[in-house]
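Trainee: Could you show me how to read a structure, feature by feature? I would like the general idea, then the case at hand.

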Amino acid sequence: MPVSSETVRWTITDLELFDDPNNSYEIIDGQLIVTRAPHWQHQEISGNVYMVLKAWSRQTGLGRAAIAPGIIFSDINSVIPDVAWVSQQRLDACLDDSGHLTAAPDLVVEVLSNSKRDRLRDYELKLKLYSSEGVLEYWILDRYKQELKVYRREGSCLRLSETLFPSDSLTSPILPGFSCVVSDLFD
């Protein structure tokens, strides 16, 4: 029997077959990515980012933040970033009737895990996906190096804009008046 050289392409419909609460399932360009529940510190950092974005959003009324929202870009691109923020003016247009994000958030945040595979996914696969889908800003936090890499949209691509360290202040052109000390995100 001949072996097919055709690559299996997963879709969001296939995700309905999985029912394991200990794993998270994402699809990027039809490739299935299965990850375990994140490390406790990973979750704390995600929570810290969410809290500062939520507090700023409540104060300004300019948008909404969410922890681990599913984003369904297409049948073959569905991801779960650690945190996302969407401007108030775009939020309704970004949600489908079931309340799922189906368009690019303004800001996406990923907290790195320790494995090489997970790091490559966030730095390469997700960076390309978020760039092609129109995300305006992408933050990658590395708890091991205590650094935050900020990618900002330049034309049609997300490009590394700055690398911040614990004593630096984080600001953003898409979040007017927002500022926080980077160390607050890691504590």
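Mentor: Start with the sheet. Keep in mind that this is a predicted model. Strands of a sheet pair through backbone hydrogen bonds, either parallel or antiparallel.

Trainee: How many strands does the open sheet have, and in what order?

Mentor: The open sheet has 6 strands. Their order is β3-β6-β7-β8-β9-β10, and the pairing is mixed.

Trainee: Which strands stand at the edges?

Mentor: β3 and β10 (157–164) do. Each has a single partner strand, so one side of each lacks a neighbour in the sheet. From one strand to the next, the twist averages 15 degrees.

Trainee: In which sense do β3 and β6 pair, parallel or antiparallel?

Mentor: Antiparallel, over 5 bridges. Find Ile-67; its bridge partner in β6 is Val-83.

Trainee: What joins β4 to β5?

Mentor: A hairpin, through 2 residues. β4 covers residues 71–74 and β5 covers residues 77–79. The two strands pair in the antiparallel sense over 3 bridges. Look for Ile-71, which stands opposite Val-79 in β5.

Trainee: Now a helix residue. Where is Met-51 found?

Mentor: Met-51 sits in helix α1.

Trainee: Is Met-51 buried or exposed?

Mentor: Exposed, because its relative accessibility is 52% and the cut-off for exposed is over 50%.

Trainee: Let us turn to cysteines. How many disulfides are there?

Mentor: The rule looks for a pair of cysteine sulfur atoms within 2.5 Å. By that rule the count is 0.

Trainee: Is Cys-94 buried or exposed?

Mentor: Cys-94 is buried, because its relative accessible area is 2% and buried means under 20%. Cys-157 reads another way: at 27% relative accessibility, that residue counts as partly exposed.

Trainee: And pockets? What is the idea behind finding them?

Mentor: Rolling a probe the size of a water molecule over the atoms shows where empty space is left.

Trainee: What volume does the largest pocket have, and how many residues line it?

Mentor: The volume is about 560 Å³. The lining has 31 residues. Thr-35, Arg-36, Ala-37, Pro-38 and Ser-113 lie nearest the centre of that pocket.

Trainee: Which elements supply at least two residues each to the lining of the largest pocket?

Mentor: They are β1 (23–28), β2 (31–36), α1 (40–60), β7 (107–111) and α3 (116–133). The largest share, 5 residues, comes from α3. By class, the lining has 10 nonpolar, 11 polar and 10 charged residues.

Trainee: What is the volume of the second largest pocket?

Mentor: About 230 Å³. Its lining has 16 residues. Nearest the centre are Arg-64, Ala-65, Ala-66, Ala-84 and Leu-91.

Trainee: Which element gives the most to the lining of the second largest pocket?

Mentor: β3, with 4 residues. α1, β3 (63–67) and β6 (83–87) each supply at least two residues of that lining. By class, the second largest pocket has 9 nonpolar, 4 polar and 3 charged lining residues.

How values were computed. Residues numbered from 1 in each chain as written. Predicted model: local features only at pLDDT ≥ 70, side-chain atom pairs only at ≥ 80, totals over all residues. Heavy atoms only, no water. Buried < 20%, exposed > 50% of the residue type's maximum accessible area, 1.4 Å probe, protein only. 1 Å grid on protein atoms, 1.4 Å probe; cavity = no way out; pocket = protein on both sides within 12 Å on 5 of 7 lines; lining within 4 Å. Points joined across faces, edges and corners; volume = space filled by probe spheres on them. Nonpolar A, V, L, I, M, F, W, Y, C, P; charged D, E, K, R; others polar. Pairing = 2+ DSSP bridges. Axes fitted to C-alpha atoms, helices over the stretch in contact; angles between N-to-C directions.
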